[in-house]
Each structure stands twice: as structure tokens, then as C-alpha cells.
Amino acid sequence: ANASVTVRAWTRRGVPGASSVGPVEFHVCEGPARCLAPVVLGSLTEERAVWKTLAASIPPQGGDAFEPSALWVKALSSDPWLPEVVEVEFSSGGPKRFPLNRWLVAEGGEG
């Protein structure tokens, strides 16, 4: 089944160095073996939320329904980022918020 998914990310405000040029991958998952293709965001700043909407193919195992219950976030840059919260929204339902509040950085990242 196909749907659209929007991933919105907010950077923690008021913390020096919290912003990042990225990129950062967001894997929206229902469980360990059922995730959507990653959504990649960059230019993660305190000034505004960053978001992207993509067409998503729901993995066939488990039927057409997909309930996001986990978010795997992977920094692809050695530029650290401090996210406050990430919100995932499907065209067929309301948003689901994932509070993060953890520093993310890729050791030996590509940036």
C-alpha cells in the first residue's frame, strides 16, 4: 500500500551548537523488521522546524495498516545535532511525536 509520510524535526532552542547542517536519516518503524525507507533532512536549525513529505510504500508484511511506534534516527555527519522532538504524520492519520532530546553525531561521519 502507498501513503504519504511527513517527518518534522525541531532543534533544541537555547543550547549553543545545537544546530546542524546534517544530513540526518529518519527511519519510521512499526517494529524492528518493518520500517519505511528513510527520510533525509538537513539544515537543522533553531529558527524553524524542518520537514519533508514523501510517498511511502508500506512494507507488505503485516498488511496495509502501518502504525509508527519507533523512530530510528541516524546522523550522517560529524556535525552534532540536538533534536528536541520529531513528529511523524501519515496522510491517513494524525501526527505521532517522538521526544528525543539527545545529541546525535556520526563518528567518522561523511560531513
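The paragraphs below go through this predicted model from its strands to its core and then to some single residues.

Residues are numbered from 1 along each chain as its sequence is written, and side-chain values use heavy atoms, with hydrogens and water left out. Because the model is predicted, local features need pLDDT of at least 70 and side-chain atom pairs count only at pLDDT 80 or more, while totals for chains, interfaces and linings use all residues.

The chain has 8 strands and 0 helices (both are DSSP runs numbered from the N terminus: helices are H or I with at least four residues, strands are E with at least two). Along the sequence the pattern reads β-β-β-β-β-β-β-β. Of the 111 residues, 39% count as buried (buried means under 20% relative accessible area, exposed over 50%, and partly exposed in between, with a 1.4 Å probe and protein chains only). Among contacts between residues at least 6 apart in sequence, 68% join residues at least 24 apart (contact means heavy atoms within 4.5 Å).

Strands of a sheet pair through backbone hydrogen bonds, either parallel or antiparallel. Here 4 strands form an open sheet in the order 5-1-7-8, with antiparallel pairing (two strands pair if DSSP finds at least two bridges between them). Strand 5 (50-57) and strand 8 (95-99) stand at the edges with a single partner strand each, so one side of each has no neighbour in the sheet. On average, neighbouring strands of this sheet are turned by 20° against each other, direction ignored (axes are lines fitted to C-alpha atoms, for helices over the stretch in contact, and angles run from 0 to 180 degrees between N-to-C directions).

Strand 7 (residues 83-90) pairs with strand 8 in the antiparallel sense over 5 bridges. Val85 stands opposite Pro99 in strand 8. Glu87 also lies in strand 7, and at 10% relative accessibility Glu87 counts as buried. The C-alpha atoms of Glu87 and Val7 are separated by 5.8 Å, although these residues are 80 apart along the chain. Leaving aside neighbours within four places in sequence, Glu87 is in contact with Thr6, Val7, Arg8, Trp10, Pro95, Lys96 and Arg97. Two of these residues, Arg97 and Trp10, also face each other in another way: the charged end of Arg97 sits over the ring of Trp10, 5.3 Å from its centre (this requires NZ of Lys or CZ of Arg within 6 Å of the ring centre and within 35 degrees of the ring normal).

Another antiparallel pairing joins strand 2 (residues 24-31) to strand 6 through 6 bridges. Val28 stands opposite Leu71 in strand 6. In a regular strand the side chains alternate between the two faces of the sheet. Strand 6 (residues 70-75) has a covered face with Leu71, Val73 and Ala75, and an uncovered one with Ala70, Trp72 and Lys74.

The largest nonpolar core has 25 residues (such a core is a set of buried Ala, Val, Leu, Ile, Met, Phe, Trp, Tyr and Cys residues joined through side-chain atoms within 4.5 Å). Residues with the most contacts inside this core include Val7, Phe26, Val28 and Leu71. Strand 1 (2-11) gives the most to the core, with 4 residues. Leu71 touches Phe26, His27, Val28, Val86, Val88 and Phe98, not counting residues up to four places away in sequence.

There is 1 aromatic pair (rings of Phe, Tyr and Trp, the last by its six-membered ring, pair if their centres lie within 6.5 Å; planes under 30 degrees apart count as stacked, over 60 as edge-to-face and the rest as tilted). The rings of Phe26 and Trp81 have centres 6.1 Å apart and planes at 85°, so the pair is edge-to-face. Phe26 lies in strand 2 and Trp81 in the loop between strand 6 and strand 7, so the pair ties together parts 55 residues apart in sequence. Phe26 is buried, with a relative accessible area of 0%, and Trp81 is buried at 1%.

Most residues other than glycine have a negative phi, and most peptide bonds are trans. A cis peptide bond joins Gly22 and Pro23, with omega about 0°, and Pro23 lies in the loop between strand 1 and strand 2. Ser43, in the loop between strand 4 and strand 5, has a positive phi near 55° and is partly exposed at 43%. Asn101, in the segment after strand 8, has a positive phi of about 50°.
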